[in-house]
Structure formats: C-alpha cells, structure tokens
Amino acid sequence: MSFNAPAPFAEFPSDLPLLSAETLSFSRLLSDDDTERKKLFNVCSSTGVIILDLADTKEGAKLTQEVDAIFDLSEAIFSLDPEVKRKYSMLSGTILGYKGPEGDRRTGFVPHTDYGSITVLFNVLGELQVLPEGKSPEEDNWLWVKPSLGCVVINLGDAMVRFTNGLFKSPMHRVTYVPGDQAHLTRYSLTYFARPGDGCLMKTLDGSSRIPAPDDDDDEGVTAGEWVRTRAKAAQVQKEERSKFPQVGDAPDLTWTVTGSGEKMRTKFSD
Ligand SMILES: O=C(O)CCC(=O)C(=O)O
Ligand SMILES: [Fe+2]
C-alpha cells in the first residue's frame, strides 16, 4: 500500500455519496496565494475538512516518502503474532496507525469530533465518513471522504471551534468499512493529532473581526490540559454506555491506546 504511488488495485467506488471538497494546494498555501487562503478559510468555516495536495513541494515529497516508510513498517508490525503485538502495545509514543479487521463491515470508530487543533490523516483506502452540520446521524446522511493520491485529509478539531467561537467547524466523523471492490484490502490509517499545549487557555482568540465576540462566561477559559482530561473522561463514559447498549454496526473488540504527549497519537489495533 503506497501513499505516493497510484494504487495497483480497484478505484474507490464511483456510486457513493461523497463529501464535496475542493482540493487545496500545499504549494500555493506556502507561497501565500490569496485565492488559496480564501479557499482555506471557506473550508474551515463550512465543513472543517481540508483535502490538501502535498505535491510539488519539497516538504510534501519528504513527508509522503516518510509516510510510505511508516506504512511498510505498519504492515510488518500488524502481521506479527498477536502475542508479540500485545507485549509492545503499551509502549508510549511508538506505534502510529491502526488496522481494522479484514472483511469487517462494523463501524470501527463511533461518530465523534476530534478534541485537538487539527488531525492529519494519511489514507489510501476509503472508510472515513463525515456527517454534514445540522444533519441527524441516519445512515443516509453520512458522506464518504474519498482519498486522493498524495493528498492528506485534515480535520479541524474542537479546539479550533473554541478558539474561533464557532466560526470554524470540527466535523462529526466516523470510520466505517472499506467500500466496494477495495473491501478485501487491509486499510492502514496513519493519523497525526496536534493539540494546544497543556497550559494554553481555551478561550476565544482576539484580533479578528470575523471571530464572534466571546460570551460573558467564556472569557476566562480552562487550560487545554483540563479540557483534554474532561473530554477524555466524557468519551470513556460514552464508550462504556455504548458497550452496555451496543448499536448495530459497533465493533466492541477494538482496543485503544493514547500515547505521546503534547501531540497526541492514538493507536488502535485488533488481532
Ligand atoms: O482513520 C481515519 O480515517 C480516521 C480516524 C479518526 O477519526 C481518529 O483517529 O480520530
Ligand atoms: Fe477522529
């Protein structure tokens, strides 16, 4: 599986409802292109899902090569004996990515928004779906995010919503199953989470007339450290409740590890 080279296997199906997302150019953003900046602003304040083409930049080429090296490593790690994997799964900050069970059509990641600032996803195969703002979480309302060669998917997290007092959006998303003729393939997802440092105050930013003024009670702000702890606890409660009343499609046997510091990386893998 390569992030960098055209897939030698079946294309993403053409008959699925897709999130309509214009691809932004990393090279144009780096050169501070005005049109590209406006596009970025529009995406952040509408869906919160940025599809960014890394082509044509030194940084992008280096990153995609490194991603492919990590994919290779992930393949080697996930093909290890479950006993060996179990022994190493708790090492902090080491393993990136996860692998869903092959042929499993249950939802691997229940619907959620990410807590941090941004989440960068390196996906080759589809599986990620987004719920447009204001839509109820019925099956028909979820839209697929189609991976494109050399492009990362960047989801804004709730910290950006907090900093911009709701101007920017963090998408509700979930991970379902690899669709269509790609279903027999193993999906590796490499995820980079960035979040504000522990001491950062989670409050509306000053300095832009586009950001709505803070409400009276939101002036002080909690620290990012407290914010993450509260969110993690709430997620745990939600997970426990959900496991008592599993919903059709849940995959309860997948395990979670939170690793790293500052930038959080999550690893999830099954045997
Ligand atoms: O694997 C993906 O495409 C998304 C994973 C995700 O939503 C997460 O790790 O928060
Ligand atoms: Fe997520």
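**Note on the predicted model: iron site, cores and side-chain pairs**

1. At 2% relative accessibility, Asp114 falls under the 20% limit and therefore counts as buried. The iron ion (ligand 2) is coordinated by NE2 of His112, OD of Asp114 and NE2 of His173, at 2.1 to 2.2 Å. Along the sequence these donor residues follow the spacing H-x1-D-x58-H. Asp114, in the loop between strand S4 (109-112) and S5, and His173, in strand S9 (residues 172-175), are 59 residues apart, and the pair links distant parts of the chain. Like Asp114, which is buried, His173 is buried, in its case with a relative accessible area of 4%.

2. As to the chain as a whole, the secondary structure comes to six helices and 14 strands. Of its 271 residues, 43% count as buried. When contacts in the chain between residues at least 6 apart in sequence are considered, 77% of them join residues at least 24 apart.

3. The largest nonpolar core has 26 residues, and the members that touch the most others in it are Phe3, Ile50, Leu52, Phe71, Phe122 and Val152. Two or more residues are given to this core by each of helix H2 (34-46), strand S2 (49-53), helix H3 (58-78), strand S5 (118-123), strand S8 (151-156) and strand S10 (188-194). Apart from this core lies another, of 12 residues, which includes Leu128, Leu143, Cys151 and Val153. Which residues does Leu52 touch, not counting those up to four places away in sequence? Leu52 touches Leu24, Ser25, Phe26 and Leu29, and also Gly150, Cys151, Val152 and Ile154.

4. The aromatic residues deserve a separate point. A pair of aromatic rings is described by the distance of the centres and the angle of the planes. The count of aromatic pairs comes to four. In one of them, the ring centres of Phe12 and Trp144 are 6.1 Å apart and the planes stand at 70 degrees, so the pair is edge-to-face. Because Phe12 lies in the segment before strand S1 (23-25) and Trp144 in strand S7 (residues 143-144), this pair ties together parts that are 132 residues apart in sequence.

5. Are the two partners buried or exposed, wholly or in part? Phe41 is partly exposed, with a relative accessible area of 23%, whereas Phe168, at 15% relative accessibility, counts as buried.

6. The structure holds 12 salt bridges, of which a few may be taken in turn. The side chains of Arg28 and Glu36 meet in one, at 3.2 Å from N to O. Arg28 counts as partly exposed at 38% relative accessibility, while Glu36 is buried, with a relative accessible area of 1%. These residues are part of a network of salt bridges that links Glu22, Arg28, Glu36 and Lys39.

7. Another salt bridge brings together the side chains of Asp32 and Arg37, at 3.1 Å from N to O. Asp32 is partly exposed, with a relative accessible area of 47%, and Arg37 likewise counts as partly exposed, at 41% relative accessibility.

8. Glu66 and Lys62 form a salt bridge in which the closest N and O atoms are 3.1 Å apart. Why are the two separated by about one helical turn? Because they are four residues apart in helix H3, Glu66 and Lys62 have that separation of about one helical turn. Glu66 counts as partly exposed at 38% relative accessibility. Lys62, at 52% relative accessibility, passes the limit of 50% and so counts as exposed.

Key. Residues are numbered from 1 along each chain as its sequence is written. Chains are lettered from A and ligands numbered from 1 in the order in which they are written. This is a predicted model: local features need pLDDT of at least 70, side-chain atom pairs count only at pLDDT 80 or more; totals for chains, interfaces and linings use all residues. Side-chain values use heavy atoms; hydrogens and water are left out. A nonpolar core is a set of buried Ala, Val, Leu, Ile, Met, Phe, Trp, Tyr and Cys residues joined through side-chain atoms within 4.5 Å. Buried means under 20% relative accessible area, exposed over 50%, partly exposed in between (1.4 Å probe, protein chains only). Contact means heavy atoms within 4.5 Å. Donors are N, O and S atoms within 2.8 Å of the metal (3.2 Å for Na, K and Ca); water is not among the atoms, so sites may look incomplete. Rings of Phe, Tyr and Trp (its six-membered ring) pair if their centres lie within 6.5 Å; planes under 30 degrees apart count as stacked, over 60 as edge-to-face and the rest as tilted. A salt bridge is a side-chain nitrogen of Lys or Arg within 4 Å of a carboxyl oxygen of Asp or Glu.
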